[in-house]
Amino acid sequence: MWHKNINERGYALIENKPTRTGIALLALGVTLFGCGNEGNGPLPIAKEMADQIFYGGPIVTMDASQLSAEAIATRNGKIIAVGSQAQIDNLKSPQTKMVDLEGNTLVPGFIDGHSHFSMATTSANWANLSGAPVGKAKDIAGVVAELQAQAVRNDTAAGDWLVGFGYDADTLSDGRHMTRDDLDAAFPDNPVIAIHVSFHGAVLNSRAFAAIGYDATTPTPEGGVIVRREGSNEPLGLVMETAWFPAARVLPQPQGEARFENIKLAQAFYAKNGVTTAQDGLTSLDSFKLLKEASQRGDLFLDLVALGSSDDLDAFVEENAQYASYNGRLKLGGIKIVTDGSPQGKTAFFTKPYLTGGPGGEADWRGEPIAPPEKIDQLLEAVYGAGMRAFVHANADAAVDILLNAHKKHVGRAGEDPRTVIIHSQFIRRDQLEDYARYGMVPAFFSNHAFFWGDVHVKNLGVERAHFLSPMKSAAELGIHFTNHNDYIVTPMDQLLTVWSAVNRVSRTGEIIGAQERISPAQALRAITLDGAWQNKEEDSKGSITVGKLADLVVLDGNPLTVDPMAIRDIEVLETYKEGRKVYPQ
């Protein structure tokens, strides 16, 4: 659990008042009752009684027509009534399960705006190399110690791969990147990969370099970075973007029945954090086949939205026939296109240079696109032409320019309501936000950056650019539907933390990163509920506690709309329900 380590800062909260007192009955009222309910007379009693009634605590509906309620009723996995305790009691039968909130708060199930579900299925045997508060590493020696401890836990033998995640030089006291030499001294007999916190690169030791065929003769691939030893062409340790892809491909994977057990455990992990609809933010064809098999076995108890890799576009176009909508709780949401890297890794693509040079000391460094603009143009045209949605990773303004230019060129092929999603949209310009509004695009923001790397961004980019990261307030003023995410495994799978970071925008050192872009708790909660549903084109069935929608619900031990804004991240998930079934705790 998080603990407060930042000075308290507060400001006015939006009041949460109900806008009507009547009960909301199932949309099929005319069919069930033979007539509507005109005027102020008594409401009819539904023919079918409730499976469950939730009562006894604040209910935050996220439905603008009825912001709060005293109780709700569900049946067959859907919400059938929302209203006062007396009205909902009319739907109680001897078989109805009464769920007393005991003063805790009920909210809609959280919808994952962007994360990497597959990482939760593969990272169980990886070392946590993160700095505080996520991990314990304070220096390079501490990173090595965490890897050594994981080697013991894994019973690692000579020749076995050893992997760690969360490595971040900016949190270490050494003032430099770890090198192959640091790792070789501790692990002369094992290939080691220390994955950068951005998941856009890693530090490798000599055994790992040999395993992927990297040496002094290896050219730097287009869109990649290989940091070289001074005075030679030998890779020093850090590789980023396309240069790290060969290492990513050799990461150890679970085998056999463990693959399916890990998928169940990953869902339990998401459910523990209140997520009822998860996302796998970059799904290879092999991973999709595994998820299909899991769904066919009946192993999925959360809804899972997969974003197919553009590397396998033709195959995913074929899969879309069966998985454009949920099939065994698995849905192919669209195609993932990657345009640039990460700002904390200094590989995001800007129109203006970084103030501190590139990851390998490059001067006048703006980052680079992952692929040439013409390639992105071709991919977007192909995705739209196939009748699929595009989910485009674009962190910085030059990368967003590439996307917008391609979208404007091919918008006629995108359909009437494409809702193209721009994942991260971290460092964009006002004119680009206006284009998002003009074309109905959905920015999937990443406000956790304000806490984890806000201080680093100020150093690397200057105050003006850094303070406009994830500009949610500006987006809201333009009427844009936006989401917010944790990009797990990049930051923790903690939905209340994303709400907290959007509301407060406080850095590790206590600085406010862009006070003008802070949003209200209600807006921040909407980003992971109702607008999360909007992003997935599921707003008619999810995202709010509304009659006719799925009974995807979360019980919290505090109300994020009324607690001190700095205490939002301390709120705990007590229970999670997927379509009325309790999935956490099980």
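**Reading the sheet, a helix residue and the cores**

Modeller: In this predicted model, A396 stands opposite F427 in β18.

Colleague: Which strands do the bridges there join, and how many bridges are there?

Modeller: Strands of a sheet pair through backbone hydrogen bonds, either parallel or antiparallel. Here β17 (residues 390-396) and β18 (residues 421-427) run parallel and are joined by five bridges.

Colleague: What is the order of the strands in the open sheet?

Modeller: The order is β7-β14-β15-β16-β17-β18-β19-β20, eight strands with parallel pairing. At the edges stand β7 (110-111) and β20 (483-484); each has a single partner strand, so one side of each is left without a neighbour in the sheet.

Colleague: Which helix lies across β16 and β17?

Modeller: That is α11 (residues 373-385), which runs at about 160 degrees to β16 (330-338).

Colleague: Is Q150 buried or exposed?

Modeller: The cut-off for buried is under 20% relative accessible area. Q150 has 5%, so Q150 is buried. Its place is in helix α4 (residues 140-153). Leaving aside residues up to four places away in sequence, Q150 touches A124, N125, W126, A127, T156 and L162.

Colleague: How many residues has the largest nonpolar core?

Modeller: In soluble globular proteins, nonpolar side chains tend to be buried together. The largest nonpolar core in this model has 107 residues, and F110, I193, L204, Y270 and Y436 have the most contacts inside it. Helix α12 (residues 397-410) gives the most to this core, seven residues.

Colleague: Where does A396 belong?

Modeller: A396 is in a second, separate core of 33 residues, which also includes L129, M178 and L461.

Methods:
Residues are numbered from 1 along each chain as its sequence is written. This is a predicted model: local features need pLDDT of at least 70, side-chain atom pairs count only at pLDDT 80 or more; totals for chains, interfaces and linings use all residues. Side-chain values use heavy atoms; hydrogens and water are left out. Two strands pair if DSSP finds at least two bridges between them. Helices (H or I, at least four residues) and strands (E, at least two) are DSSP runs, numbered from the N terminus. Contact means heavy atoms within 4.5 Å. Axes are lines fitted to C-alpha atoms, for helices over the stretch in contact, and angles run from 0 to 180 degrees between N-to-C directions. Buried means under 20% relative accessible area, exposed over 50%, partly exposed in between (1.4 Å probe, protein chains only). A nonpolar core is a set of buried Ala, Val, Leu, Ile, Met, Phe, Trp, Tyr and Cys residues joined through side-chain atoms within 4.5 Å.
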